[in-house]
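Work through the exercises below with the sequence and the model at hand. Try each task before reading its solution.

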Amino acid sequence: MSQIQELHQQAMDLAEMAQVAKLRGDFNSASQLSRQAFEKERLAAELIAGNLEAEPTRSVLHRSAATLGVECGEIHTAERLIAIALSGNPPTEIAEELKDLFVQINIDKYFARRGIAFDEAKLQSFMG
């Protein structure tokens with residue numbers, strides 16, 4: 001197993017353990033496990049970042065690391081991971097998911113800069 005695959009597998013195992021801890025109400029452990037998962041996935045993504053021929057693996061790892069980063073409150077790092085992924089050749093579906101994640105983590109700030117209070121509940125009611 002390559003180092004990238006090993007790091008990714010460890011990250012996914014830690015993320016699953018974090019979900020179980022969260023379901024049990026152990027939020028401190030869940031937070032620590034999520035942070036460990038994020039760091040492992042970020043390292044895996046960094047190892048493949050320069051290989052633009054490694055799609056969709058490259059963009060999938062970056063999307064996963066960015067998602068874990070958002071869960072850990074590492075918004076700036078998540079934005080950087082999204083930008084790196086989009087700078088390559090991600091498949092259309094993954095690129096759209098990356099763009100959606102970028103909007104998700106920035107929509108409040110976008111409206112706040114324009115003096116508009118964003119109400120996610122209202123947006124959800126319009127959408128669904």
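The model is predicted, so local features need pLDDT of at least 70 and side-chain atom pairs count only at pLDDT 80 or more, while totals for chains, interfaces and linings use all residues. Residues are numbered from 1 along each chain as its sequence is written, and side-chain values use heavy atoms, with hydrogens and water left out.

**Exercise 1. Find the salt bridge of Glu74 and state which parts of the chain the pair ties together.**

Step 1. Apply the criterion: a side-chain nitrogen of Lys or Arg within 4 Å of a carboxyl oxygen of Asp or Glu. The whole structure holds 8 salt bridges by this search.

Step 2. Glu74 pairs with Arg35, at 2.8 Å from N to O.

Step 3. Check the exposure, where buried means under 20% relative accessible area, exposed over 50%, and partly exposed in between (1.4 Å probe, protein chains only). Glu74 is partly exposed at 26%, and Arg35 is partly exposed at 30%.

**Exercise 2. Trace the network of salt bridges that contains Glu39, Arg42, Glu46 and Arg80.**

Step 1. Start with Glu39 and Arg42, whose closest N and O atoms are 2.6 Å apart. Both residues belong to helix 2 and are 3 residues apart, about one turn of the helix.

Step 2. Compare their accessibility: Glu39 is partly exposed at 29%, whereas Arg42 is buried at 18%.

Step 3. Turn to Arg80 and Glu46, which form a salt bridge at 3.8 Å, N to O. Because Arg80 lies in helix 4 and Glu46 in helix 2, this pair ties together parts 34 residues apart in sequence.

Step 4. Arg80 is partly exposed at 35% relative accessibility, and Glu46 is partly exposed at 38%.

**Exercise 3. Describe the span of helix 4 and list its buried residues.**

Step 1. Helix 4 has 12 residues, and the distance from its first C-alpha to its last is 16 Å. The expected span is 1.5 Å times one less than the number of residues; for helix 4 the expected value is 16 Å, and the model comes close to it.

Step 2. The buried residues in helix 4 are Thr77, Ala78, Glu79, Leu81, Ile82 and Ala85.

Step 3. Their cover includes helix 2, helix 3 and helix 5 (92–113).

**Exercise 4. Which residues have the most contacts inside the largest nonpolar core?**

Step 1. Such a core is a set of buried Ala, Val, Leu, Ile, Met, Phe, Trp, Tyr and Cys residues joined through side-chain atoms within 4.5 Å.

Step 2. The largest one has 26 residues, and Ala66, Leu81 and Ile82 have the most contacts inside it. Two or more residues each come from helix 1 (3–23), helix 2, helix 3, helix 4 and helix 5. Helix 2 gives the largest share, 7 residues.

Step 3. Take Leu81 and count contact as heavy atoms within 4.5 Å. Leaving aside neighbours within four places in sequence, Leu81 touches Phe38, Arg42, Ala45, His62, Ala65 and Ala66.

**Exercise 5. Which residues make the nonpolar surface patch of about 370 Å²?**

Step 1. Patches are made of residues with over 30% relative accessible area and no salt bridge; like charges are joined within 9 Å, and nonpolar side chains (Val, Leu, Ile, Met, Phe, Trp, Tyr) within 5 Å. Accessible areas come from the Shrake-Rupley method with a 1.4 Å probe; for residues, only the protein chains shown count as cover.

Step 2. The patch is made by Leu123, Phe126 and Met127.

Step 3. Leu123 lies in helix 6 (residues 120–127).

Note on methods:
Helices (H or I, at least four residues) and strands (E, at least two) are DSSP runs, numbered from the N terminus.
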